[in-house]
Amino acid sequence: MAAKAQNVDGGEKKHDTPVDDPTFVPTVKVSKVIDKGDSIPYMEMSNVYVYPQLTFSDKKKMDAYMRLVKNVKKVLPIAKQVNGIIVETYEFVQTLPDQKSRDEHLKLVEKSIIKDYKPKMKKLTYSQGKLLIKLVYRECDSSSYDIVKAILGPVRAGFWQAFAWCFGANLKKGYDPEGTDRLTERVVLMVEAGQL
């Protein structure tokens, strides 16, 4: 189901972001509160980000920016899903009685993740894969390497780091929203707010 808005001419217009997509954030929420028997309506609006207009010195740079927007839209939902899986798995593992049952559950989670996400990962380009590593860091506040190490142990984390390194990626890569990833952060915030 896609979010709908009204066109200027009164017709319905569809947005690209489906409602069940983790990057979709409703624009307006209207409600009311009761204060001393009187109802007071209020409205919550999503953040609106205003940035200076981008200017590009040539078509190549403009194309690179458009590719970044497309790549963020493709991999940001995956990074958000990774964060959800980590939180859910951690909370469930804490309820298990012993280390043996925790290890068994983590093996099941790993198999499920490989089954569900391997086809998606195969469809990612090299630049999308590297962007995903950065966005996982952004969403989880921890590197992909540290996440794998915490869940699967240092040996398996080392294996996956070596595997990523063979393809020119680095699971230990961080995310710097104030520095080198400034433009990416701008795009992410605008995509989350539904502005792009």
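Biologist: What covers the buried residues of α6?

Modeller: The cover includes α1 (59-95) and α3 (126-140). Cover here rests on contact, meaning heavy atoms within 4.5 Å. This is a predicted model: local features need pLDDT of at least 70, side-chain atom pairs count only at pLDDT 80 or more, and totals for chains, interfaces and linings use all residues. Residues are numbered from 1 along each chain as its sequence is written, and side-chain values use heavy atoms, without hydrogens or water.

Biologist: Why is α6 called mostly covered?

Modeller: Buried means under 20% relative accessible area (exposed is over 50%, partly exposed in between; 1.4 Å probe, protein chains only). In α6, 9 of the 11 residues are buried. Among them are Thr184, Val187, Leu189 and Met190. Glycine 194 follows α6, with a positive phi near 80°.

Biologist: Why are α3 and α6 called roughly perpendicular?

Modeller: Their axes cross at roughly 70° and come within 12 Å. Axes are lines fitted to C-alpha atoms, for helices over the stretch in contact, and angles run from 0 to 180 degrees between N-to-C directions. Angles of 65 to 115 degrees count as roughly perpendicular, under 35 as roughly parallel, over 145 as roughly antiparallel and the rest as oblique. Therefore α3 and α6 are roughly perpendicular.

Biologist: Which residues of α3 meet α6?

Modeller: Leu131, Leu135, Arg138 and Glu139. Their partners in α6 include Val188 and Leu189. The residues of this contact divide into 4 nonpolar, 1 polar and 4 charged. Ala, Val, Leu, Ile, Met, Phe, Trp, Tyr, Cys and Pro count as nonpolar, Asp, Glu, Lys and Arg as charged, and the others, Gly among them, as polar.

Biologist: What makes α1 roughly antiparallel to α2?

Modeller: The angle. α1 and α2 (residues 99-122) pack at about 170°, with axes 11 Å apart. That is over 145, so α1 is roughly antiparallel to α2. Ile78, Ile85 and Phe92 are among the α1 residues in this contact. On the α2 side, Leu106, Val109 and Ile113 are included. By class, the contact has 9 nonpolar, 4 polar and 2 charged residues.

Biologist: How do you know that β3 and β4 pair?

Modeller: Two strands pair if DSSP finds at least two bridges between them. Here 8 bridges join β3 (residues 28-35) to β4 (residues 38-45), and the strands run antiparallel. Valine 30 has methionine 43 in β4 as its bridge partner. The strands form a hairpin with 2 residues between them. Lysine 36 in the turn has a positive phi of about 55°.

Methods. Helices (H or I, at least four residues) and strands (E, at least two) are DSSP runs, numbered from the N terminus.
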